Amino acid sequence: MLAIRIPRRKAVALATAAVLAGLAAPAATATPATATATKTVTTTATTTAASYDPAYYDAAAGKTGTALKSALHTIISDQTKLSYSAVWEALKVTDQDPNNSNNVILLYSGISRSKSLNGGDVGDWNREHVWAKSHGDFGTSTGPGTDLHHLRPEDVQVNSIRGNKDFDNGGGSFTNSGGSLTDSNSFEPRDAVKGDVARMILYMAVRYEGTDGWPDLEPNDSVTNGTKPYHGRLSVLKQWHQEDPPSAFERNRNDVIHDSYQHNRNPFIDHPEWVESIW
């Protein structure tokens, strides 16, 4: 329990400045990407100060298990919803390359690619649904199909290779994989974003509980979920969450979605300990 509540505007201004300062300082070996670059970017896990009003989670204080999940559902369900076409422009901001403002970072590939190359052709990037939209059959309709907390830029062909596969360890490499792997029924993201993927899946499971006209999305330990409203494998996702804690890039993305677009947050980025409390 916090003894002092910092005014939200002041907290956001101070801490966001610190986050952006950290993002602007690339590693010594990094080289800036060009507008058509295919550089692979490795995002490193760092700890940053909270840049949101801690009172956002007051209703979840002291809760665990199903009570915590229910409280978080109520908190994060208060959001502004985007159209699917609006997602294009939003991703150019949420996933901007911190070393090149003309580019976005592709989730699974780690490639820095020009923002202008959004579309459906080879060499373009498109809108990847981390919680595969067929898992619950919600498509691209406003709601889970347009929720920025699980939508990320990705190479068109890589997006197709991932398809609607569940997440698990193992598989082989492929063109522009960036270290990601795939086999007949599962997909393993590159190491630098495994925790990101886990926290996106778990966000969706808390946000969409079947109470607002959309399916009740839940994680399970299967890799054969198909069109069922489930996503796996939970045991592996929890492992990835522990091994790859929230990075500065991921925290900044959460802030941008909250402050500029949906006005809700992914609680597992802000409070990683809540994953174990619920699952």
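This is a predicted model: local features need pLDDT of at least 70, side-chain atom pairs count only at pLDDT 80 or more; totals for chains, interfaces and linings use all residues.

Q: Let's switch to cavities. How many of 30 Å³ or more turn up in the whole structure?
A: The search finds two. The largest cavity has a volume of about 70 Å³.

Q: Which residues line the largest cavity?
A: Its lining is made up of H149, R152, D196, M200, E250, R253, N254, I257, N266 and I269. Helix 5 (194-207) and helix 7 (248-261) are the elements that each give two or more residues to this lining. Helix 7 provides the largest share, four residues.

Q: How do those lining residues divide into nonpolar, polar and charged?
A: Three are nonpolar, three are polar and four are charged.

Q: While we're on helix 7, I clicked on D255. Is D255 buried or exposed?
A: D255, which is found in helix 7, counts as buried because its relative accessible area is 3%, under the 20% cut-off. Its side chain also makes a polar contact of 2.7 Å with the side chain of R265.

Q: New topic: what is phi for D137?
A: Phi of D137 is near 55°, a positive value in a residue other than glycine. D137 lies in the loop between strand 4 (125-129) and strand 5 (151-155), and is exposed, with a relative accessible area of 64%.

Q: And N176, what's phi there?
A: Phi of N176 is near 60°, also a positive value in a non-glycine residue. N176 belongs to the loop between strand 6 (166-167) and strand 7 (181-182) and is partly exposed, at 31% relative accessibility.

Definitions and conventions. Residues are numbered from 1 along each chain as its sequence is written. Side-chain values use heavy atoms; hydrogens and water are left out. On a 1 Å grid over the protein atoms alone, a cavity is a set of points where a 1.4 Å probe fits but cannot get out, and a pocket is an open set with protein on both sides within 12 Å along at least five of seven lines; lining residues have an atom within 4 Å of a point. Grid points are joined across faces, edges and corners, and a volume is the space filled by probe spheres set on the points. Ala, Val, Leu, Ile, Met, Phe, Trp, Tyr, Cys and Pro count as nonpolar, Asp, Glu, Lys and Arg as charged, and the others, Gly among them, as polar. Buried means under 20% relative accessible area, exposed over 50%, partly exposed in between (1.4 Å probe, protein chains only). A polar contact is a pair of N or O atoms within 3.5 Å; within protein, one must be able to donate a hydrogen and the other to accept it, and residues adjacent in sequence count only if both atoms are side-chain atoms.
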